[in-house]
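The entries are kept brief.

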Amino acid sequence: MSRNDLLRKGPEGDPALLYEGGDIDRLHHVVTERLAPHRLTVLNGRRPNGRFSCLHDGEVTLYELEYGTDVTVCPGELGDFYNVQLPMSGMGVVTVDGAVLPSTQSIVGPGSRVSMTWNGEAQNRILIIPGRAVTQALEVRGADSSTTAVRFSPVLDEQDPLIRSWIELVRGFNEFVASPLSHRSPLGVRHFEQLLIDGLLDAQRHCQSDALADSGSAALLPVVRRATVFCEEHVHEPVSVADIALAARTSLRSLREGFRVHLNTTPLAYLRQLRLDHAHRDLLAIADGRAEGTVTDVACRWGFTHLGRFSAVYRKSFGQSPSETLCRSC
């Protein structure tokens with residue numbers, strides 16, 4: 001059964017609801033399908049009243065889960081994904097690799113063994129991040145991700161201001177994906193997802209934290225290479241800085257920092273200069289009789305719709321106006 005099939009089983013008017021009710025076997029089955037195989041044990045005779053919802057299904061997935069009774073959940077060793085538990089109510093105990101964590105607010109990744117006990121009032125928000133997404137985020141920063149999966153320190157300590165900010169970011173993401181704007185802006189959703197991944201790598205201690213801190217601006221170089229290649233390949237298209245960041249697999253902030261450090265410019269200024277270079281070559285070709293057209297034709301071809309501004313930036317780059325280039329052989 002696919003994820004979309006499971007989503008369609010929610011009651012009409014609430015497509016995010018995957019299951020609600022007292023059939024613990026059914027709830028166990030749906031959670032297994034969406035998350036991972038696990039052993040589920042009910043710890044008391046209280047009839048469960050469970051609820052499982054998918055708030056967002058994308059590069060990262062956001063769920064809310066409550067069993068409505070005391071349970072123990074034992075997934076065992078996790079597969080290639082990171083499971084972030086953010087309890088909203090109730091109490092529980094999380095054990096990772098045989099050690100009881102001091103907080104249920106936690107992150108567990110590939111290869112770790114985990115078990116959880118929750119009381120009947122527990123309601124958890126669960127963020128699932130694929131292992132490949134974390135690997136790609138590390139590669140963007142120039143880190144070595146070819147050996148083993150990244151291991152995070154399992155406890156998310158909300159006393160740490162960085163972690164507190166990241167958890168607020170997850171809450172903001174929950175509000176954003178529920179808004180009408182998220183349906184109109186899939187690019188915005190993808191950038192928000194990437195922000196969650198990058199923010200987690202920066203906020204939470206992990207096995208490559210020191211390597212990332214030591215890499216400095218060199219880690220931005222692969223980002224700049226991907227961005228400049230994308231600009232050159234799409235120079236004739238109406239490209240935004242968000243498009244460039246998405247193609248470079250990085251955040252807007254890292255993209256701008258990479259261009260500042262390595263090229264002493266901004267992404268959009270770099271793209272504008274590429275277009276000016278193409279316009280210059282086209283005007284030279286017309287002046288030499290190898291092509292036909294006017295200054296207006298060339299300006300519009302390369303996305304310069306305001307002729308006065310085009311003339312100003314062209315003169316700044318080439319020391320003459322477009323019309324002077326065009327008439328150089330007159």
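Predicted model: local features only at pLDDT ≥ 70, side-chain atom pairs only at ≥ 80, totals over all residues.

**Sheet.** I first traced the strand order and found an open sheet of five strands, β2-β5-β10-β7-β8, with antiparallel pairing. Its edges are β2 (39-42) and β8 (99-100); each has a single partner strand, so one side of each lacks a neighbour in the sheet. I then looked at how β2 meets strand β5 (residues 71-77): the two run antiparallel and are joined by four bridges. In this pairing V42 is opposite V71 of β5.

**Helix α9.** I asked which residues of α9 (residues 241-248) are buried, and noted V241, A242, I244, A245 and A248. These lie on the same side of α9, because the arc they cover around the axis is only 160°. After α9 comes R249, which has a positive phi near 55°.

**A buried arginine.** I checked R275, which is part of helix α11 (residues 267-287). R275 is buried but makes no salt bridge; E237, the nearest side chain of opposite charge, is 7.8 Å away. What I did find is the backbone oxygen of E237 at 2.5 Å from a polar atom of the R275 side chain.

**Salt bridges.** How many salt bridges does the structure hold? I recorded eleven. One of them pairs D57 with R34, with 3.2 Å between the closest N and O atoms. Since D57 is in strand β3 (residues 50-57) and R34 in helix α2 (residues 24-34), this pair ties together parts 23 residues apart in sequence. I noted that D57 is partly exposed at 31% relative accessibility, whereas R34 is buried at 2%.

I also recorded a salt bridge between R301 and D282, at 2.8 Å from N to O. R301 belongs to helix α12 (residues 295-301) and D282 to helix α11, so the pair ties together parts 19 residues apart in sequence. R301 is partly exposed, at 42% relative accessibility.

A further salt bridge joins D288 and R290, whose closest N and O atoms are 3.3 Å apart. Here D288 is partly exposed at 41% relative accessibility, and R290 is exposed at 60%. I noted as well that E158, E168 and R171 form one network through salt bridges that share partners.

**Cysteines.** I searched the whole structure for disulfides and found zero. C207 is exposed, its relative accessible area being 52%; C300 is partly exposed, at 45%.

How values were computed
Residues numbered from 1 in each chain as written. Heavy atoms only, no water. Buried < 20%, exposed > 50% of the residue type's maximum accessible area, 1.4 Å probe, protein only. Arc of directions from axis to C-beta. Pairing = 2+ DSSP bridges. Disulfide = S-S within 2.5 Å. Lys, Arg positive; Asp, Glu negative; His and termini not counted. Salt bridge = Lys/Arg side-chain N within 4 Å of Asp/Glu carboxyl O. Polar contact = N/O pair within 3.5 Å; in protein donor to acceptor, adjacent residues only side chain to side chain.
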